[in-house]
Amino acid sequence: MDNAVPPRATAPGPRRRDRHGRGMRGPIAPPQVPLAASRAEVFADLVQDSVERLERRWPQLADIDFLVLEVPRLDGPGERWADEAVPLGGTIPAREGRRARVVVYRRPVEIRTKGRDERAALVHEVVVEQVAELLGLTPETVDPRYGED
């Protein structure tokens with residue numbers, strides 16, 4: 001073993017290549033590609049698509065804030081939902097200086113759906129139902145295609 005190569009001294013800095021000499025691993029997809037969007041961002045896009053679809057018919061929706069929250073919250077320690085089911089959405093009426101709000105809860109909707117198309121349909125249903133509640137109308141009036149899937 002006369003030709004033994006002495007071990008290389010490790011420099012105190014970031015490694016420039018992985019152990020196979022191919023370079024550092026990068027992201028799977030660039031940020032502008034939908035693959036790089038998080039589930040929360042994709043869900044927010046579904047809500048936004050649904051709102052835009054309804055705004056064409058109901059321009060007054062521009063005065064309503066649409067929010068996405070992870071899960072519904074119970075305010076008190078012993079509070080329960082009236083029908084024992086976890087809500088998929090909710091409304092907050094307008095108050096002094098605050099606009100009305102429609103809230104869609106991401107996790108309960110995701111749990112009840114399997115794919116993107118099914119999730120988009122359920123999100124649209126929830127948005128239609130909440131808008132109908134705020135406007136004092138039936139869901140079929142807000143969107144004539146409501147319940148057709």
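Where is Pro93 found in this structure?

1. **Pro93.** This model is predicted. In it, Pro93 is found in the loop between β2 and β3. The residue counts as exposed, because its relative accessibility is 54% and the term applies over 50%. Leaving aside neighbours within four places in sequence, Pro93 is in contact with Ala100 and Leu134.

2. **The overall fold.** The secondary structure of the protein consists of 4 helices and 3 strands. Followed along the sequence, these elements give the pattern α-β-β-β-α-α-α. The reader may wish to trace this order in the structure above before turning to single residues.

3. **Burial, contacts and surface.** The protein has 149 residues, and buried residues make up 26% of them. Of the contacts between residues at least 6 apart in sequence, 59% join residues at least 24 apart. The accessible surface comes to about 11300 Å², and 51% of this area belongs to carbon and sulfur atoms.

4. **The salt bridge of Arg39 and Glu110.** The structure holds 6 salt bridges. In one of the salt bridges, the side chains of Arg39 and Glu110 meet at 3.7 Å, N to O. This pair links distant parts of the chain, with Arg39 in helix α1 (residues 39–55) and Glu110 in helix α2 (residues 106–111), 71 residues apart. What is the relative accessibility of Arg39? The value for Arg39 is 54%, so this residue counts as exposed. Glu110, in contrast, has a relative accessible area of 9% and is therefore buried.

5. **The salt bridge of Glu70 and Arg106.** Glu70 forms a salt bridge with Arg106, and the closest N and O atoms are 2.6 Å apart. Glu70 lies in the loop between β1 (64–69) and β2, while Arg106 belongs to helix α2, so the pair ties together parts that are 36 residues apart in sequence. Glu70 is partly exposed, with a relative accessible area of 39%. Arg106 is buried, because its relative accessible area is 8% and buried means under 20%.

6. Through salt bridges that share partners, Arg39, Glu70, Arg106, Arg107 and Glu110 are joined into one network.

7. **A patch of negative charge.** Which residues gather in a patch of negative charge on the surface? They are Glu41, Asp45, Asp49 and Glu52. Of these, Asp49 lies in helix α1. Asp49 counts as partly exposed, because its relative accessibility is 42%, a value between the limits of 20% and 50%.

8. **Gln130.** This residue has its place in helix α3 (residues 116–135). Is Gln130 buried or exposed? Its relative accessible area is 9%, so Gln130 is buried. Not counting residues up to four places away in sequence, Gln130 touches Gly89, Gly90, Thr91 and Val102.

9. **Arg98.** Arg98 counts as partly exposed, with a relative accessibility of 38%. The C-alpha atoms of Arg98 and Asp65 are 9.5 Å apart in space, and the two residues are 33 residues apart in sequence.

Notes: Residues numbered from 1 in each chain as written. Predicted model: local features only at pLDDT ≥ 70, side-chain atom pairs only at ≥ 80, totals over all residues. Heavy atoms only, no water. Helix = DSSP H or I, 4+ residues; strand = E, 2+ residues; numbered from the N terminus. Buried < 20%, exposed > 50% of the residue type's maximum accessible area, 1.4 Å probe, protein only. Contact = heavy atoms within 4.5 Å. Areas by Shrake-Rupley, 256 points an atom, 1.4 Å probe, with all protein chains shown as cover. Salt bridge = Lys/Arg side-chain N within 4 Å of Asp/Glu carboxyl O. Patch = residues over 30% accessible without salt bridge, like charges linked within 9 Å, V, L, I, M, F, W, Y side chains within 5 Å. Lys, Arg positive; Asp, Glu negative; His and termini not counted. Charge placed at Lys NZ, Arg CZ, Asp CG, Glu CD.
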